Amino acid sequence: MFFSCQKYNLYIPCSSVPLCNPRCCIVMCQNPHAPNEQQPILRKHNSKSTAFLLHHLSHKDEDEHDSHEHHHHSHQLTPKSSDLQDPMPHEEKVKLLELSLVRKRTPQFPGSIYAQSPSDPDVGSSLPPLRTLFQSSALSDDDDDDDDEEEEMVMRALQIRRKVTEEVLKEAMRKGKFGITYTTNLVSRVPGFIDYIMIEAANLKRLQEYSHSTFNLRAKTVIDDSQVVPLIRWLKHNALSYPQIAKLILMSRGKLESIRNCVEWLKSVHVKGEYLGLSLLKGGENILQRSNEELDEIVLYLESNGVRREWMGYVMSRCPQLLSYSLEEVKNRAQFYFDMGLNEKDFGTMVFDYPKALGYFTLEVMNQKVNYLKEFGLQSNDVGRLLAFRPQLMGCSIEEQWKPLVKYLYYYGITRDGMRRMLTIKPMVFCTDLQMTIAPKVRFFQDIGVRDDAIGNMLVKFPTLLTYSLYKKIRPVVIFLMTKAGVSEKDIGKVVALGPELLGCSVVHKLEVNVKYFLSLGIRIKQLGEMIADFPMLLRYNIDVLCPKYSYLRKTMVRPLQDVIEFPRFFSYSLDGRIIPRHKVLVENQINIKLRYMLASSDEEFKKMVNSTIRKRQRFEPAVIKEGTTHLQSGIAGDITTPQTCTN
């Protein structure tokens with residue numbers, strides 16, 4: 001074997017140098033300044049061995065101390081190790097580093113100086129010690145450059161070790177029957193967990209049983225003990241994607257048992273199915289660090305304030321943020337609603353109906369929304385009842401939903417009082433999307449002939465209309481009225497404006513049944529359309545209410561069908577409360593008037609009308625009686641004084 005240096009080439013007998021390798025090697029020493037001698041072939045990959053040999057010989061000469069001259073002569077002939085050291089190129093250091101840290105050895109060609117022997121017990125046994133790559137600072141004049149190079153090599157070593165750890169984790173997941181793509185995507189998102197495995201694997205080397213084990217074995221042991229692969233399988237089974245699983249693993253900070261403990265607690269409060277994983281994921285950063293006792297306190301407090309135990313799983317799964325709050329924070333949020341007049345029953349049903357109203361929004365945002373609702377003229381207790389009935393209002397945005405809606409309604413002439421009525425009757429209107437839901441319905445009403453000034457009155461009268469589906473509810477009713485009920489195109493806008501409640505009726509179970517009933521009475525479809533245009537609510541009454549009234553009209557009052565056609569509002573009056581009593585008054589006084597005058601007036605007006613009719617009849621009857629009596633007396637006198645002639 002040849003050892004090269006910059007100043008000397010040494011020849012040393014094999015017997016004089018103790019070598020680890022029993023194979024004999026020849027080292028030749030020649031003076032580089034000799035003109036006629038052939039220069040040896042330099043082998044740079046043995047330069048470090050040359051430095052070690054010369055360093056060993058120099059120390060041996062110093063220990064003998066044969067003579068000062070001999071020592072001085074030996075010191076002059078023996079160069080410093082720094083002079084003999086041929087610096088290893090950076091590329092070769094990186095290659096050596098990778099060979100020392102890789103998980104599996106790369107096949108080498110025969111004769112390679114780093115080839116692994118079959119008898120080697122370890123992968124790195126045939127490689128030079130790794131620490132030799134980080135000793136350049138003692139052999140170099142420029143310490144700053146060497147420190148930078150050493151730092152770079154350390155960072156390079158960490159990167160390679162991290163890649164090795166990733167490969168070990170991927171192999172464990174592949175054994176767990178995970179696909180290659182899924183494994184690669186998941187492992188790439190858990191760098192913190194990879195570092196945790198590296199640290200724990202390094203700590204295992206301190207134990208006696210792992211002191212001589214490889215890093216791969218120790219990393220595999222850490223992965224198996226953490227049970228991370230079965231945990232990933234369970235989370236995937238509960239519909240969590242790999243980004244969510246990766247986030248959850250990072251949240252655990254290496255304590256994967258905290259995930260299992262939290263899962264068991266969630267099951268104890270009836271959180272089921274895919275909501276187990278989602279509750280862990282959305283429950284906040286500190287949910288995995290909380291004890292079961294802290295979580296139980298929150299559940300007991302909610303249960304004591306109207307939230308039933310069987311509702312708790314639904315509440316926690318829909319608003320897992322509650323799990324991240326302290327008990328004091330939960331009490332403050334509950335007191336916010338109690339101050340507006342909610343009792344325990346209302347509070348419990350509100351939390352069950354919309355759990356986010358309690359735990360999702362900050363107290364500042366909640367106060368802003370309550371104050372905005374008060375601007376419509378509502379008191380604090382009114383807002384409390386409103387939120388108890390429709391807590392989804394707390395999830396609406398003031399700037400993005402409420403203000404644009406208020407501006408839109410104001411354009412159609414709806415005042416603040418009208419908006420308050422809409423908010424009180426149907427608060428869901430203020431939770432409806434303006435552009436996607438409300439505006440298309442208003443445009444439809446305009447298309448069928450409803451005037452803009454009538455749209456505002458129609459919405460205030462029946463705000464529930466805005467919550468109906470345009471294509472499943474409103475349009476089918478309009479089409480039925482125009483095709484089956486006889487309403488003309490020019491009257492359909494009037495019908496909808498006067499009776500928007502019709503748009504909420506079922507076509508099959510209500511409108512079609514009533515139309516068939518009226519047609520069975522002998523009313524033609526065109527006449528029925530005119531009746532509906534005059535009184536749209538005609539189709540909203542039940543058949544059980546219509547039949548007795550019509551029967552009384554025809555059989556007792558002995559009135560024709562034409563009276564109903566001319567006055568369809570007849571069916572809107574109470575049979576026992578108005579129709580029968582007023583009919584008796586007319587019969588007793590021998591008065592016959594139209595249904596419109598009989599029923600449409602108030603009790604006082606009806607009484608005046610009856611008395612006026614009686615007085616007119618009384619003034620007319622004496623004149624008739626007197627005239628009839630005069631004619632009768634003349635006839636009698638004629639019979640007596642003048643004979644009458646009868647003609648056949």
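Arg309 counts as partly exposed, at 31% relative accessibility (buried is under 20% relative accessible area, exposed over 50%, and partly exposed in between, with a 1.4 Å probe and protein chains only). This is a predicted model, in which local features need pLDDT of at least 70 and side-chain atom pairs count only at pLDDT 80 or more, while totals for chains, interfaces and linings use all residues. Residues are numbered from 1 along each chain as its sequence is written, and side-chain values use heavy atoms, with hydrogens and water left out.

Arg309 pairs up with Glu303 in a salt bridge, with 3.6 Å between the closest N and O atoms; here a salt bridge is a side-chain nitrogen of Lys or Arg within 4 Å of a carboxyl oxygen of Asp or Glu. Glu303 is partly exposed too, at 34%. Searching the whole structure turns up 12 salt bridges.

Another of these joins Arg162 to Asp195, where the closest N and O atoms sit 2.8 Å apart. This pair ties together distant parts of the chain, 33 residues apart, with Arg162 in helix α5 and Asp195 in helix α7 (residues 191–204). Helices are DSSP runs (H or I, at least four residues), numbered from the N terminus. Arg162 is partly exposed at 27%, and Asp195 is partly exposed at 26%.

Then there is Glu329 with Arg333, a salt bridge at 3.2 Å, N to O. Both lie in helix α15 (residues 327–338), four residues apart, so about one helical turn separates them. Glu329 is partly exposed, with a relative accessible area of 25%, whereas Arg333 is buried at 4%.

Back in helix α5 (residues 143–175) lies Leu158, which is partly exposed at 36%. Together with Val154 and Met155, Leu158 makes up a nonpolar surface patch with about 240 Å² of accessible area. Patch members have over 30% relative accessible area and no salt bridge; like charges are joined within 9 Å, and nonpolar side chains (Val, Leu, Ile, Met, Phe, Trp, Tyr) within 5 Å. The areas come from the Shrake-Rupley method with a 1.4 Å probe, and for residues only the protein chains shown count as cover.

As for helix packing, α6 (residues 180–187) and α10 (residues 242–252) meet at about 40°, their axes 9 Å apart. That angle makes α6 oblique to α10. Axes are lines fitted to C-alpha atoms, for helices over the stretch in contact, and angles run from 0 to 180 degrees between N-to-C directions. Angles under 35 degrees count as roughly parallel, over 145 as roughly antiparallel, 65 to 115 as roughly perpendicular and the rest as oblique.

Note on methods. Helix = DSSP H or I, 4+ residues; strand = E, 2+ residues; numbered from the N terminus.
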